[in-house]
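Colleague: I have a few questions about this model. Please take me through them in turn.

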Amino acid sequence: MPSPSESYLLDFHARLAGVTSRWFASAPVEVEGGTAPSSYALLEAVVPHDARPLTVLDLACGDGYLLELLARRKQPGLSLLGLDMSEHELAAARARLNGTATLFQGRAQSLPFGDASVDVVLSHLALMLMDDVETVLAELRRVLKPGGRVSIVVGGDLVPGNALEVFAGLMKNAAAVPPTRLGDAKVRSSDGLRALFAEGFVDVTVRSLSVQGDGPPQEVWESLLTTYDADRLSPAAQASLKASFLQAVEPLRRSDGSVPLRWGMRQLMATREVLAT
């Protein structure tokens, strides 16, 4: 039986399957030391380019966009697995991937894979939403081979001086339901992530990302409306918030008509510990 938060997420992704890749597949990223085409590309780059057999799991794979990036390599020996609890997202993934990955419906707290069977686990904007994150990490430790890699992208800190900061301020005053309580707060800080991955992993690194979602005010509003808190507002509250937002971002509008939008995220990378024998 799904928990209340899982029931909400299942409903959200039934209504908005593919929404994550819609907004982030082409959103450039500023990262320490450079830039990247997208947050998905940062995860795709973790998988080695070589001929040895590799099994890669995309945990909470959504509509399969990250798996598609990997499938485009046509890399010999690369086996792709995807798991998601939303059948609606998996239907979109099946259509996108056309058999290039093996997809499973299930929960991250009970992975349908054998012990030490996976070389790389990737996950995009999902771990911070999951119930019982310690159980999820225990499952990751179980299915990863010793020396295997994990890399996840999760939400990060609010980046100041852009439309998201304006939106967050307005949300505090919206005629709102209480903020959506999803996942474990420890996943939402760098120190918390390091603490969670302290057991069974080595070479744990966390870096901050600034993901660019600039666009016309109406388009930026549409992306913000698909955040979980805004999604739970009544239609009347959404309409009121929209009017306030579009007025409030006018001072940010550039000569080309766009307004800046920055999503703060984090990328964690770690290696499964190799136990001495």
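**Contacts, rings and a helix pair**

Modeller: Start with leucine 16, which touches Glu89, Thr226 and Asp231, leaving out residues up to four places away in sequence. Contact means heavy atoms within 4.5 Å. The model is predicted: local features need pLDDT of at least 70, side-chain atom pairs count only at pLDDT 80 or more, and totals for chains, interfaces and linings use all residues. Residues are numbered from 1 along each chain as its sequence is written, and side-chain values use heavy atoms, without hydrogens and water.

Colleague: Is leucine 16 buried or exposed, or partly exposed?

Modeller: Leucine 16 lies in the loop between α1 (4-15) and α2 (19-24). Helices are DSSP runs of H or I with at least four residues, strands are runs of E with at least two, and both are numbered from the N terminus. Buried means under 20% relative accessible area, exposed over 50%, and partly exposed in between, with a 1.4 Å probe and protein chains only. At 24% relative accessibility, leucine 16 therefore counts as partly exposed.

Colleague: Which residues does serine 5 contact, leaving aside neighbours within four places in sequence?

Modeller: Serine 5 is in helix α1. Its relative accessible area is 12%, so serine 5 is buried. Beyond its sequence neighbours, serine 5 contacts Asp131, Arg181 and Leu182.

Colleague: How are the rings of tyrosine 8 and phenylalanine 12 arranged?

Modeller: A search of the whole structure finds ten aromatic pairs. Rings of Phe, Tyr and Trp (its six-membered ring) pair if their centres lie within 6.5 Å; planes under 30 degrees apart count as stacked, over 60 as edge-to-face and the rest as tilted. The centres of tyrosine 8 and phenylalanine 12 are 6.1 Å apart and the planes stand at 50°, so the pair is tilted.

Colleague: Where do tyrosine 8 and phenylalanine 12 lie, and which residue joins them in a cluster?

Modeller: Both lie in helix α1, four residues apart, about one turn of the helix. Tyrosine 8 is buried at 15% relative accessibility, and phenylalanine 12 is buried at 1%. Ring pairs link Tyr8 and Phe12 into a cluster with Tyr228.

Colleague: What kind of pair do phenylalanine 104 and phenylalanine 113 make?

Modeller: Phenylalanine 104 is partly exposed at 26% relative accessibility. Phenylalanine 113 is buried, with a relative accessible area of 9%. Their ring centres are 5.0 Å apart and their planes stand at 90°, so the pair is edge-to-face.

Colleague: How far apart are the C-alpha atoms of valine 56 and serine 79?

Modeller: Valine 56 sits in strand β3 (residues 54-59) and is buried at 1% relative accessibility. Its contacts, leaving aside neighbours within four places in sequence, include Ser79, Leu78 and Leu80. Valine 56 and serine 79 are 23 residues apart along the chain, yet their C-alpha atoms are separated by 6.2 Å.

Colleague: How are α7 and α11 oriented to each other?

Modeller: The axes of α7 (residues 163-173) and α11 (residues 235-248) come within 10 Å and cross at roughly 140°. Axes are lines fitted to C-alpha atoms, for helices over the stretch in contact, and angles run from 0 to 180 degrees between N-to-C directions. Angles under 35 degrees count as roughly parallel, over 145 as roughly antiparallel, 65 to 115 as roughly perpendicular and the rest as oblique. α7 and α11 are therefore oblique.

Colleague: Which residues of α11 make the contact with α7?

Modeller: From α7 come Ala163, Val166, Phe167, Leu170 and Met171. The α11 side consists of Leu241, Ser244, Phe245 and Ala248.
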